[in-house]
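Could you look through this model with me, taking the helices and their contacts point by point? I have kept each term's cut-offs beside its place of use.

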Amino acid sequence: MNNLQKIRKLRVLSHNGLVIRSGVSRSLITKYESGERNINKASVDTIYKLAKALNCSIEDIIDVSDSDTLEK
């Protein structure tokens, strides 16, 4: 379970609830939660919308331990 999914569940929010609050598509949220797409490579706008909808920081959502996405 990744950070996005953990926070969404802590907020007792369904996928549809997050879609309505954030404006991010359900398919994209599902892909980020399943790991099909890397949340760390999402646009800043998308991460901002999700963080705002979940009332958390951007840093809470991204995986800072994922060294594959860090620039060297």
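Predicted model: local features only at pLDDT ≥ 70, side-chain atom pairs only at ≥ 80, totals over all residues.

1. Residues are numbered from 1 along each chain as its sequence is written, and side-chain values use heavy atoms, with hydrogens and water left out.

2. The largest nonpolar core has 17 residues, of which Leu-4, Leu-18, Leu-50, Leu-54 and Ile-61 touch the most other members. Such a core is a set of buried Ala, Val, Leu, Ile, Met, Phe, Trp, Tyr and Cys residues joined through side-chain atoms within 4.5 Å. Two or more residues of this core come from each of α1, α3 (26-34) and α4 (44-54), and α4 gives the largest share, five residues. Helices here are DSSP runs (H or I, at least four residues), numbered from the N terminus.

3. Leu-50 deserves a separate look. Leaving aside residues up to four places away in sequence, Leu-50 touches Leu-4, Leu-18, Ser-22, Val-24, Ile-29, Ile-39 and Ile-61, where contact means heavy atoms within 4.5 Å.

4. The axes of α1 and α3 come within 7 Å and cross at roughly 115°, which makes α1 roughly perpendicular to α3. Axes are lines fitted to C-alpha atoms, for helices over the stretch in contact, with angles from 0 to 180 degrees between N-to-C directions, and roughly perpendicular covers 65 to 115 degrees. On the α1 side the contact is made by Leu-4, Gln-5 and Arg-8, and on the α3 side by Ile-29, Tyr-32 and Glu-33.

5. For α2 and α4, the axes come within 9 Å and cross at roughly 110°, so α2 is also roughly perpendicular to α4. Here Leu-18, Arg-21 and Ser-22 in α2 meet Lys-49, Leu-50, Ala-53 and Leu-54 in α4.

6. Not counting residues up to four places away in sequence, Thr-46 touches Val-24, Leu-28 and Tyr-32.

7. Ser-14 sits in the loop between α1 (3-10) and α2 (15-22), and with a relative accessible area of 43% Ser-14 is partly exposed. A polar atom of the Ser-14 side chain lies 3.0 Å from the backbone nitrogen of Gly-17.

How values were computed: Buried < 20%, exposed > 50% of the residue type's maximum accessible area, 1.4 Å probe, protein only. Polar contact = N/O pair within 3.5 Å; in protein donor to acceptor, adjacent residues only side chain to side chain. Parallel < 35°, antiparallel > 145°, perpendicular 65-115°, else oblique.
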